[in-house]
Amino acid sequence: MKRFLFIAVAALMLFGCKDSGRTLPSATGSIYEMLIVMDKQQWDDELGQTVRATIGADMPCLPQIEQYFNVSQVTPQMFDNFLMPTRNILIFDVNSDRYTQVKIRYMRDVYSRPQAMCRVQAPSWEALAQQLSAEQLQTIRSWFVRQELDRQGSFYRNYKTEPTREAVQHRFGADIWIPADYILVRDNEQLVWCVNDGGSLRRDLIIWSYPYTSEEQLTPEALLQKRDEVLGQNVSGSLDGTFMGTEYKHIPPEYSVININNRWCAEIRGLWKMQGGEAMGGPFVELTRVDEINQRVVTAEVFVFAPGQKKRNALRQAEAILYTLKLPQELMLEQP
């Protein structure tokens, strides 16, 4: 069977003062909103259904249904100057005169800043339907998610809290950008814990470490066992005898391996709950990496408590903090 050629081209396009002599406007739209530019006929057929089902799929490990992105669609004719500054745009560009094969191009800050744009180019809708798989659409979705996380992390660079940052530096020899509205509540030999409980919801960040002895410590089972041990000892509820644990039965945790700074990282998403009779719970995300210099396992976790509210945006905003963590081996590379 003939194998179709599918080429993903990552391109960075910056049209700022340096290149074009004009200043880009601020991006419009809310975080985790996606504008999809596609012909109406294709949007209504099987290809469009696959795009909607993938980009707007339900996020895993949330206590209620919330999508990766809130999706809206316009035709190419409707994609005008008013819509061009939208913060996240996925464009399907089909033109037999311009393209001979399917390509995916990733771009930033084309019409506004900060903006993420992906342009899927194809010579025909038939070629696109044959070559564009759900897995490739998942890759596109993951790229947009990472753009949102990176934007949030860049914001934290300018609005970080020094007391908690200094505690992380002292305990782990690491650096992290923690927003100024996170207050340090515990700093001991085992962990650093800070909380943002302003407004109607609460976000917590906890970092802990322990000696690294073997790869067996990095399995999903071992990491979750250590999570239950550390947080069970340190995070208690308002009722005597209650402590934090992991929900395994209704929505089991999901484990995956990701790449951060070209190094291995374990990601676990799941739900936490108070053990011992207190009705409290919510989503969590934790990243675990190895401090190669000091031979320690370092886990950083955020969890959210927001009863009766949507939690996607709050969790994602907190999750962005995790990606700003730099371990000693990464800080060493930054030294002059």
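In this briefing, Ala, Val, Leu, Ile, Met, Phe, Trp, Tyr, Cys and Pro count as nonpolar, Asp, Glu, Lys and Arg as charged, and the others, Gly among them, as polar. The structure is a predicted model, in which local features need pLDDT of at least 70 and side-chain atom pairs count only at pLDDT 80 or more, while totals for chains, interfaces and linings use all residues. Residues are numbered from 1 along each chain as its sequence is written, and side-chain values use heavy atoms, with hydrogens and water left out. Helices (H or I, at least four residues) and strands (E, at least two) are DSSP runs, numbered from the N terminus.

**Confidence**

- Please take care with residues 1-20, where pLDDT stays under 50. For this stretch the model has 44 contacts (heavy atoms within 4.5 Å) beyond four places in sequence.
- Where pLDDT is low, the predicted coordinates should not be read in detail.

**Helices α5 and α8**

- Helix α5 covers residues 134-158 and helix α8 covers residues 312-322; their axes come within 8 Å and cross at roughly 70 degrees. Axes here are lines fitted to C-alpha atoms, for helices over the stretch in contact, and angles run from 0 to 180 degrees between N-to-C directions.
- α5 and α8 are therefore roughly perpendicular to each other; angles of 65 to 115 degrees get that name, with under 35 counted as roughly parallel, over 145 as roughly antiparallel and the rest as oblique.
- On the α5 side, V145, L149, Q152, G153 and Y156 meet R316, Q317, A318, E319, A320 and I321 of α8. The residues of this contact divide into six nonpolar, three polar and two charged.

**Cavities**

- On a 1 Å grid over the protein atoms alone, a cavity is a set of points where a 1.4 Å probe fits but cannot get out, and a pocket is an open set with protein on both sides within 12 Å along at least five of seven lines; lining residues have an atom within 4 Å of a point. Grid points are joined across faces, edges and corners, and a volume is the space filled by probe spheres set on the points.
- Two cavities of 30 Å³ or more turn up in a search of the whole structure.
- The largest cavity holds about 40 Å³ of space, and its lining is made of L287, R289, V298, A300, L322, L325 and L327. Strands β13 (281-291) and β14 (296-305) are the elements that give two or more residues to this lining. By class, the lining has six nonpolar, no polar and one charged residues.
- The second largest cavity also has about 40 Å³ of space, with I31, Y32, E148, Q152, R316 and Q317 around it. At least two of its lining residues come from each of α5 and α8. The lining divides into two nonpolar, two polar and two charged residues.

**Pockets**

- In the largest pocket there is about 490 Å³ of space. Its lining has 18 residues, and S142, V145, I258, E267 and R269 lie nearest the centre.
- Helix α5 gives the most to the lining of the largest pocket, with six residues, and α5, β11 (254-260), β12 (263-275) and α8 each supply at least two. The classes are eight nonpolar, three polar and seven charged residues.
- The second largest pocket has about 280 Å³ of space. Among its 15 lining residues, R146, D150, W177, Y323 and T324 lie nearest the centre.

**Backbone details in one loop**

- Most residues other than glycine have a negative phi, and most peptide bonds are trans.
- D109, which is not a glycine, has a positive phi of about 55 degrees, and D109 sits in the loop between β5 and β6.
- The peptide bond from R113 to P114 is cis, with omega near 0 degrees. P114 lies in the loop between β5 (102-108) and β6 (116-122).

Terms used. pLDDT is the predictor's confidence in each residue, from 0 to 100.
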